[in-house]
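Here's a quick tour of a protein model, written for someone who likes cut-offs spelled out. Have a look at the fold before reading on.

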Amino acid sequence: MGGGLDGPLPNLMESTRVVLLGASNLTLGLPTVLSVTHAMLGPGPMDILVAAGHGRSYGQWSRVLARGLPGILGCGLWPAARRPGGVRIYALLTDIGNDLAYGASPADLAGWVSACVERLGEAGADTVLTLLPARSLARLPPWQYHLFKAVLFPGRRLPFRVLHARVAEINQRLTTLAARAKVKVVDPEARWYGPDSIHLRRRERAAAWQAILSRWEVAGGPTGIPDAARRRLPCRRMAPEWRTVLGVTLRRPQPSGVLGDGTTISLY
């Protein structure tokens, strides 16, 4: 299945809307996430809205190598999420933590996430939020932390002890926010993560995403991830609505992917 608009557009009055917010783990695992989502919520059509990307920030512009993306809170996903017609709305907020490396305070980060949760609540979404992987980060020795930080977040200054204190604080703030907003919380398993303690191991992605998305209130749950479903997802050919590359602004009409059952996939 290609990534262009080569399938029938769904009738949004009959569709399920899914909002996926995250950064690198969501980007790397998007085919799996979409397959699990389809297994849980399908058959389609569905209206899937994704704001992700390596190094993505919830509240500020972020740049990784030559590519830049707007903060999730200010991207074009929100007008699309408010479009009328979605009968059921399911949402995921994950990969919450890049902003600590960018120098944002736990209060600022929690405020940005809170604003996202509030918008989703106004839309009546069934929302799941993942905490930062504190148990995984606790296993990371200081020398390894500084090595990975130099590679993943070059030029950013965040002492090891400060990182752990801020992770604990933001997790407490997120837990309080979730209880107030009646949002489901997932505390990630340490075994899901690889040597850098923040990225999911390839072999653990399916189990991790199934465990996370199973918190949606859906009868039954995921029954597996068929290889055929994985193959037909056009993730590699899709591009976000707005990004910059080497300082040049690039725009892409959305949706940028349509599956055979009429499910649309839009990236922001």
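## Ground rules

This is a predicted model, so to speak from its record: local features need pLDDT of at least 70, side-chain atom pairs count only at pLDDT 80 or more, and totals for chains, interfaces and linings use all residues. Residues are numbered from 1 along each chain as its sequence is written, and side-chain values use heavy atoms, with hydrogens and water left out.

## The whole chain

The protein has 10 helices and 11 strands (DSSP runs numbered from the N terminus: H or I of at least four residues for helices, E of at least two for strands). Of its 268 residues, 53% are buried, meaning under 20% relative accessible area with a 1.4 Å probe, protein chains only.

## Helix α2

Helix α2 takes in residues 30-41 and spans 16 Å from first C-alpha to last, close to the expected 16 Å (1.5 Å times one less than its number of residues). Cover is the rule here: 10 of the 12 residues in α2 are buried, including Leu30, Val33, His38 and Met40.

Strand β2 (residues 46-51) runs parallel to β11, joined by four bridges (pairing takes at least two DSSP bridges), with Leu49 opposite Ser266. Strand β10 (residues 257-258) is antiparallel to β11, with two bridges; Gly257 partners Ile265. β10 and β11 make a hairpin with five residues between them, and Gly262 in the turn has a positive phi of about 90°.

Methods. Buried means under 20% relative accessible area, exposed over 50%, partly exposed in between (1.4 Å probe, protein chains only).
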